[in-house]
Amino acid sequence: MVVVVDGAAVVPRRLSPRRSQYSISAFPAKPQDCFLSHFQLQNVKMQKASAVAKMQNAVAKMVEELKVESELRRGKEKDKKLERIEAELSRARALIKDAIVNGNNGSHVVQDEDDDNFVLRGDIYRNAYAFQRSYSLMESMFKIYVYEEGEPPLFHSGPCKDIYSLEGVFLNQIELENTRFRTHNPDEAHAFFLPFSVVMILEELFDPVVRDKAVLERVVGDYVRIVSTKYAFWNRSLAADHFMLSCHDWGPRSTWYVHGLYFSAIRALCNANTSEFFNPKKDVPIPEINLKNGGSIGPIGGLPYSERTILAFFAGALHGRIRPALFRHWRGKDEDIKVYEKVPEGTSYEDMVRKSKFCLCPSGFEVASPRIVEAIYAECVPVLISQHYVLPFSDVLDWDKFSISVSVEELPELKKILLGVSEDRYVAMRENVRQARRHFVVNDVPKRYDVFHMIVHSVWLRRLNVRICG
């Protein structure tokens with residue numbers, strides 16, 4: 001086989017991001033499971049039978065390509081460079097498994113192996129000991145090759161402002177010469193990054209009148225053809241060790257036109273929607289962060305508990321499937337739950353967040369919302385109202401410890417649910433929000449455990465889940 005799903009990393013076994021413990025993935029080794037492991041095509045958003053049939057045909061075609069490629073390589077000498085890379089990753093898998101099986105799983109305070117002054121504190125982690133071991137191995141081992149082909153602004157550049165900012169932030173930071181992860185030698189790379197920006201492609205080439213979405217097909221497809229022709233790395237793994245990143249709503253769409261990118265490559269997406277074929281076993285959910293001032297995250301922290309006079313707050317546009325239900329039940333209905341399209345004159349959105357105990361975070365057109373991170377920054381406990389959403393870094397973070405989940409069906413009982421949170425539990429959740437915040441902070445120069453490093457760690461875990469045979 002060219003690609004074998006091999007069960008190595010610390011990733012949940014189920015699609016649900018909510019598990020109280022780490023688990024070692026034990027994936028089937030069938031080729032089709034590399035592409036749609038535990039996916040049910042009938043459960044996706046696309047209702048048309050023709051669309052589902054198209055997806056099934058694409059998967060069947062890729063399985064056949066895998067079989068053909070395997071036959072072509074049968075009996076040939078193994079790729080020694082690739083075998084060396086896989087041996088390194090095998091050692092990492094063994095060490096992480098040891099941390100899971102033999103580590104101090106019950107401890108809420110874990111000393112960082114590389115920094116005596118730093119600890120992972122609190123019960124926000126599924127397994128702090130396993131996370132620390134995995135993170136340390138990532139820092140010491142993980143190498144990423146960034147393809148240098150392509151010119152800005154479509155490549156190697158991206159927005160560093162507004163809700164799509166992580167595209168530009170990550171592109172800028174992964175290409176820093178002093179980053180410990182980037183290598184200019186592709187033969188020592190464990191993963192390969194495709195540095196295109198969906199936002200910039202659409203801003204530069206998309207005609208809002210003609211609305212030709214095939215512009216994504218042309219740019220992304222041409223880029224993959226260039227790198228897969230010039231280098232051997234895409235073809236030797238069928239893209240399983242390649243990754244892209246996008247926060248645009250059309251990030252998933254941009255990958256559909258190259259089926260290897262869609263089904264086998266690692267896609268780091270804000271729009272982590274399982275009903276649109278987001279696959280948590282190979283794809284990476286990343287947070288949507290609104291950098292309003294172009295790189296600045298604004299004030300951090302909030303008012304003490306005694307000064308938080310608002311039970312719950314939301315302000316935002318009325319769109320999508322979930323927000324209309326929230327507005328229908330709560331806009332103008334209760335003084336304790338303040339729901340607006342625009343905050344009243346004389347106050348600001350930031351002030352309202354800082355004064356609120358709970359911050360409502362309903363999905364809009366897409367599942368991701370920048371309000372989740374805004375709440376975390378302000379030490380306001382997020383109330384997650386979404387469907388089919390895989391939460392950022394949920395392979396490491398236990399979101400149940402610092403957020404509340406409310407289904408659409410439970411919205412009429414929202415106030416009862418929030419009032420049912422005891423003061424002791426709320427204080428603990430707020431402290432956990434404060435502990436989790438370090439993992440969502442954007443720094444001009446990346447710092448350990450910040451959002452840049454958490455994205456890289458998520459890619460590292462997905463890479464560990466795949467064994468590529470030479």
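Analyst: A residue is called buried when its relative accessible area is under 20%, exposed when it is over 50%, and partly exposed in between. The model is a predicted one.

Cys361 has a relative accessibility of 4%, which is under 20%, so Cys361 counts as buried. Cys361 takes part in no disulfide. Its nearest cysteine sulfur belongs to Cys359 and is 6.3 Å away.

Cys359 has a partner elsewhere: a disulfide joins Cys359 to Cys380, with an S to S distance of 2.2 Å. Cys359 sits in strand E12, residues 356-362, while Cys380 sits in the loop between H13 and E13, so the bond ties together parts that are 21 residues apart in sequence. The torsion about this S-S bond is about 115 degrees, so the disulfide is right-handed. Cys359 and Cys380 are both buried.

How many disulfides does the rule give? The count comes to 2. The other one joins Cys247 to Cys270, with an S to S distance of 1.8 Å. Cys247 is in the loop between strand E7 (242-246) and helix H9 (251-256), and Cys270 is in the loop between strand E8 (266-269) and E9, so this pair ties together parts that are 23 residues apart in sequence. Cys247 and Cys270 are both buried as well. Counting the bonded cysteines along the chain, the disulfides follow the pattern 1-2, 3-4. Is Cys160 buried, exposed or partly exposed? Its relative accessible area is 24%, so Cys160 is partly exposed.

Glu379 lies in the loop between helix H13 (371-377) and strand E13 (381-385). Glu379 has a positive phi of about 60 degrees although it is not a glycine. Its relative accessible area is 7%, so Glu379 is buried. Glu379 also belongs to a network of salt bridges together with Arg430, Glu431, Arg434 and Arg437.

Arg462 is in helix H16, and the pair links parts of the chain 67 residues apart. Both ends are buried: Arg462 has a relative accessibility of 4%, and Asp395 has 3%.

Two further salt bridges give a contrast in burial. Lys282 and Asp283 meet through their side chains at 2.6 Å, N to O. Lys282 has a relative accessible area of 8% and is buried, and Asp283, at 0%, is buried too. Lys338 forms a salt bridge with Glu335, with the closest N and O atoms 3.4 Å apart. Here Lys338 is buried at 18%, whereas Glu335 is exposed at 65%. The whole structure holds 23 salt bridges.

The next topic is the nonpolar interior. In soluble globular proteins, nonpolar side chains tend to be buried together. The largest nonpolar core here has 124 residues, and Ile144, Phe358 and Trp460 touch the most other members. Helix H16, residues 451-464, gives the most to this core, with 9 residues. Apart from this core lies another, of 10 residues, including Phe313 and Ala375. Among the residues that Trp460 touches are Leu89, Ile96, Met138 and Phe142.

Notes
Residues are numbered from 1 along each chain as its sequence is written. This is a predicted model: local features need pLDDT of at least 70, side-chain atom pairs count only at pLDDT 80 or more; totals for chains, interfaces and linings use all residues. Side-chain values use heavy atoms; hydrogens and water are left out. Helices (H or I, at least four residues) and strands (E, at least two) are DSSP runs, numbered from the N terminus. Buried means under 20% relative accessible area, exposed over 50%, partly exposed in between (1.4 Å probe, protein chains only). A nonpolar core is a set of buried Ala, Val, Leu, Ile, Met, Phe, Trp, Tyr and Cys residues joined through side-chain atoms within 4.5 Å. Contact means heavy atoms within 4.5 Å. A disulfide is a pair of cysteine sulfur atoms within 2.5 Å. A salt bridge is a side-chain nitrogen of Lys or Arg within 4 Å of a carboxyl oxygen of Asp or Glu. Lists of a residue's contacts leave out its neighbours within four places in sequence.
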